[in-house]
Amino acid sequence: MQEKIVILDFGSQYTQLIARRVRELNVYCEIHPFNKIPELDASVRGVILSGSPFSVRDENAPKPDLTAIKGRLPLLGVCYGAQYLAHFYGGEVQSAPSREYGRAMLTVVEPSDPLMQGVPSPTQVWMSHGDTITSVPDTYRVIASTEDVRYAAFRIEGERSWGIQFHPEVYHSTDGIMLLRNFVVGICGCKQNWTPESFVETTVRELREKLGDDRVVLGLSGGVDSSVAAVLLHRAIGKNLYCIFVDSGLLRKNEFDSVLESYKGMGLNVKGVKAHDRFLGDLAGVTDPEKKRKIIGRDFVEVFNAEAKQIENVKWLAQGTIYPDVVESASASVKGPAALIKSHHT
């Protein structure tokens, strides 16, 4: 079972960067919306709460159910995550006199704390928040401070829970990766044996076990995301993967034919569908970007669906996309915090 860190996303622009830093430590991680917490089986070694554009004092502030996490699994709250652990458990968060944005010097108060071991004092960190923690519950212990932020980092006694007001994942936090290593490796006990290569092997094996002899249909865009998904599925189930590549008329000159040719070189079973007349006809005279996205999304679904119905005994629909689109789509469906940027992914 692949060990992993789960990141609960509250809509921060830095969430993807937290995941990247964890993976750079050779530890697998997944991002999930705060209100769609995955099953916390034995593979989950720890949880990170992301930052957020929201304030914990907002009426509609994201409020995750941490019953199965806090006090049970290692937990690290970053920025909003730290404020959440303070505000909703007996502490207080107030609006800062001015937005704290930029570099700050962090003084480590408890160098022996597991989260702070080896972190120099002082060390530069990156702040980006409009609120500040003004008090914490009795069981919370300050482990690091800045000149303006007393509760820059704290731990909760009796738990493996920590909160930090700064962003260790960004470049400007010079020792941030050390702090994340302390949490992921030292506290969570991750073995650092995950690599992209092992991900491919594990994914192909799991797909093969799950799909068996079932048929799968996948929509290809010509881009990296869906192409990677197609190659992984092809390795797992071979000829039982059916790919559909729709020409919307919005590709580069000769791109449709060249991409089809490259897919053949990969051994993929791909059907190319020329639908540019329909797309361009429906887009004619439309200038609003959001309306264009809606039209493109609608036409693609209808064209793809018509072609997919011609394939007999298909049991699965596959999709390959980047993580921001996954988080964004999920957030839209469950009223999560991420901003809606590309509505054709929802």
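Which helix and which strand each supply at least two residues of the lining of the largest cavity? The model is predicted, so that local features need pLDDT of at least 70 and side-chain atom pairs count only at pLDDT 80 or more, while totals for chains, interfaces and linings use all residues. Residues are numbered from 1 along each chain as its sequence is written, and side-chain values use heavy atoms, with hydrogens and water left out.

**View 1. Elements around the largest cavity.** The elements in question are β6 (123-135) and α3 (176-187), and β6 gives the largest share, 3 residues. Helices (H or I, at least four residues) and strands (E, at least two) are DSSP runs, numbered from the N terminus.

**View 2. The largest nonpolar core.** This set of buried (under 20% relative accessible area, 1.4 Å probe, protein chains only) Ala, Val, Leu, Ile, Met, Phe, Trp, Tyr and Cys residues, joined through side-chain atoms within 4.5 Å, has 36 members, with I5, I48, L76 and L115 making the most contacts inside it. The largest share of this core, 5 residues, comes from α3.

**View 3. Surroundings of L115.** Leaving aside neighbours within four places in sequence, L115 is in contact with residues including L76, W162, L179 and F183, where contact means heavy atoms within 4.5 Å.

Conventions
Buried < 20%, exposed > 50% of the residue type's maximum accessible area, 1.4 Å probe, protein only.
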